[in-house]
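Hello,

Here is the structure you asked about. Please open it first, then read the notes below.

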Amino acid sequence: MVEFVMRQARGPWAAPALICLLVVVLLFALAGQTVNAPFVYTPPA
Amino acid sequence: MKRSPALDFLRGAAAFAVAVPHYLTTNAPFRPAADAVAVAGVEVFFVLSGFVLAPQIVYWVIGKPWRNLGVFLARRWMRTIPPYVVALIIVALMTGNLLTADFLRYLFYVENLFGAANQIDFYPVAWSLAVEEWFYLLFAPLLFLVGRLVGRSDRRLDAAFAIIVIVAVAALRLFFAPHDWDLNVRRVTLFRIDSIVWGYLLYLMLEKHPAPSLKTKAGSRRFAALAALVAASTVAELSLAGLAVGGSAAAQQAFPYSSALFGMAGVGFFRQTDEAFRGRLVSAFSVWLGRISYSAYLFHILVVMAMKPRIADWPIGLQLALYLTIVSALSTLFWRAFERPILAARPDYVRRPLIRRFALPSPVNGTRDSPPLPQRASRDARLKTWYAGKGRGQPWLWMLALGLGVIAAATLARNAFMANEPYLFYPALVATAVIAMALAERAGRFASGAGLAARTFFLFALALPCADAFYRSSTGVPIAGSVAEPTYSYRVARQNPAAFAMWWFYYLNEWIRDDGIRGTIEKPDLQKKLPFVLVPGSSARMFNTTIRINSAGFRGPEIAKEKGELFRIFALGESQTFGPTLRDGEKPWPERLQGLFDRAACSRPVEVVNAGTEAYTLEDNLERLRRDILPLKPDLILSTHGMNGLLALGLRQQAEPNEPGVRPRASALLGRAVLTIERALHDWRTRHESPPGPPPTLSDEALLKSRYAEAYRKLIALTRENRVPLVLATSSMAVSENSPREVKEFYGAVFKPIDDIIAADAAHNRLVRLLAQESGVPVIDAVAGLDGVWDDDLYLDIVHFTDRGHERMAEAMFRELTPILEKQSVACSSH
């Protein structure tokens, strides 16, 4: 377990961090499109 | 050990005996026969499986070290699980069931352990694989343990154990099998695990009796006898399968035994004819057929789903030819690229003849599944390394475990996301990422790419809660609707449909959750005339208050059985009258009206009974009037109907039930981003559809001929028959024809199509006035000061009142009722 954490900690982390940032920005851009989206009522059976 | 091409052929034939009927089963003329053949085909698999695994179990597992038991399970799992998981993921993707609870049950072979557990049986062939898997996990290990316990391992013990299992399962079937046979018996592991044991027993029976050559007299005699047995058992099996599927209880009880006989006859026959399959071409074909049988069984459903709708109008022979070609080609490709490398990496048994009680395996029953004898010492060494967990020589088992772990954690995360449970969702996402990182470490030549992806995912899982918090604060999307912050109106929701959506789901859930209003105070109508009836004396929590049904079955306080001097008014209506309330102290309008009458000095005490029932139409209320209200001697019936009967006035139902819309999700950011993609896809799919036209208009004549008018006339006639005065009332909604377009759209996002609803409600009110004119029944105008008043917080949604709305409705009713009561000799002074 400790070995696993140590191996992971050694990285690389720069590329994942950059991609993660891009993904979050993309999500904000996408989510911004439907802030006022309609919602759908499903009547109870 | 030599393979048996004849048994390979049988295995392939059984797979296609399932695959072909599954293609034909939706074509009406083939239906019953196709069903019976498919049902029988699977049974051959079971017996064959037990037969070919038996040598491994009796020679390599029973009486041998623990290690061989592990090797047995590892070999079976590496053979069966990876292709199954691939097929399952593809089927789930195609049917939209990826990572659902049903998916998880398939993944761990528990969808049919004691009964059909899945809501959607989206991968219908998986049941037999679950039976196989549980056989591997239970039969050999239990036999191994029993052998250790009693200190022996011989054929008598092997046979006795098999017979005990068969008898035990037969008893279970006899005494505990439910009536729903096909789904809950035939395809249930508990009731079917014996079907493989029959094959195992057949091996024990034939072990010492090698098949005589077909060239000898004894051989041809046995061939003829077995051929006759196969023919007879096939006829019996197909007829019993047909009868059992059709519902015959006797056939259902007999089916497992006819299947065992059918399978055993088939296996015995092909074992006998093995030498006829030794020709080069025949042998090569048979071995190929055996090899692709598993993937053909796994993947044929996919091909049916993807192909059949596209070629359904072709001649059936051509369809079948293309289908078989595609299934065979796909299966061959999958075997070469996926199955073969995994099979090559399987561990071998350890040859350590600890107990030499019986001879080494006889060569006659060699099959594709027979274990290769260890040839070199280095293999043992490799195996030891593998078991010691050192080195990466055999990472398959770890890969498998971690792969399953990733899928399980991702399933949990997905379900928590859908169910709006952020406190489960975020940790599950992090867990998925960590397991994915461990898996990526072992991904061989893809390790660096997979590692990068897993680390990105891990960072994303950590960053998402912060991103969500920021998204919510910047857009005003509440985490959840709540009674503390009700956002039920256009004004309160600050024109934010997203906030209203959260409120709406919260509000709707108060009605429909299991322990909510509808689950607690409603019960089925024993007379089957009403959709449900209210449970007398019941109560339920709704928001921050308790809704009580009195012992007579009406919402509100108890009423006296003998009314005495009371002037009793029943407010007959729908959920608007029933009145969902938010907090203690809030009252629906009939109770508030009671308060107004109490405060007014009336010449005779007035009692107002709330006879509103959620989801009832006027037609339902006619039955309720007869059944529950007339016996209580009403002095006046006040009809307050509207919304629930609007379909009778030409209201078009929601055109697009599958339109993607806002749902509360564990991550608002992710939920909205996914919604954007869903809506873009939806818009693209419906790009050729024109928007709905203007709502239909009804003439007075058409209105008076409508079903709604008919129900009102029945109400008028029924009250006249019973000499009870009747008062009709118009109905009100949050929006009307004169409301601004943006407010209409605000409510229209939930109530669709909004223009139709508004038009139908206006038509209803016109109808009420026309009928009042026609019959002379007095009418109360409940529209003034209420209908279309969207900016004064009178409504929880389009139709249900807030406390303030109830108050205003009660005042309107009191004002309008006072002069009507005067005509009934009840004088009340307004205050």
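Helix 21 of chain B passes helix 28 of chain B in a right-handed crossing (the near helix is turned clockwise from the far one by less than a right angle). Helices here are DSSP runs of H or I, at least four residues, and strands are runs of E, at least two, numbered from the N terminus.

This is a predicted model: local features need pLDDT of at least 70, side-chain atom pairs count only at pLDDT 80 or more, and totals for chains, interfaces and linings use all residues. Residues are numbered from 1 along each chain as its sequence is written, with chains lettered from A and ligands numbered from 1 in written order.

Back to the pair. Helix 21 covers residues 589-599 of chain B, and helix 28 covers residues 803-823 of chain B. They pack at an angle of about 55°, with axes 8 Å apart (axes are lines fitted to C-alpha atoms over the stretch in contact; angles run from 0 to 180 degrees between N-to-C directions). That makes helix 21 of chain B oblique to helix 28 of chain B (under 35 degrees is roughly parallel, over 145 roughly antiparallel, 65 to 115 roughly perpendicular, the rest oblique).

**The wider chain**

Chain B has 28 helices and 9 strands. Of its 831 residues, 44% are buried (20 or more other C-beta atoms within 10 Å of the residue's own, with C-beta atoms placed from the backbone).

**Confidence**

Mean pLDDT (the predictor's confidence in each residue, from 0 to 100) is 84 for chain B. In chain B, 89% of residues reach 70 or more. The complex has an ipTM of 0.84 and a pTM of 0.56 from the predictor.

Conventions: Buried ≥ 20, exposed ≤ 12 C-beta atoms within 10 Å, placed from the backbone.
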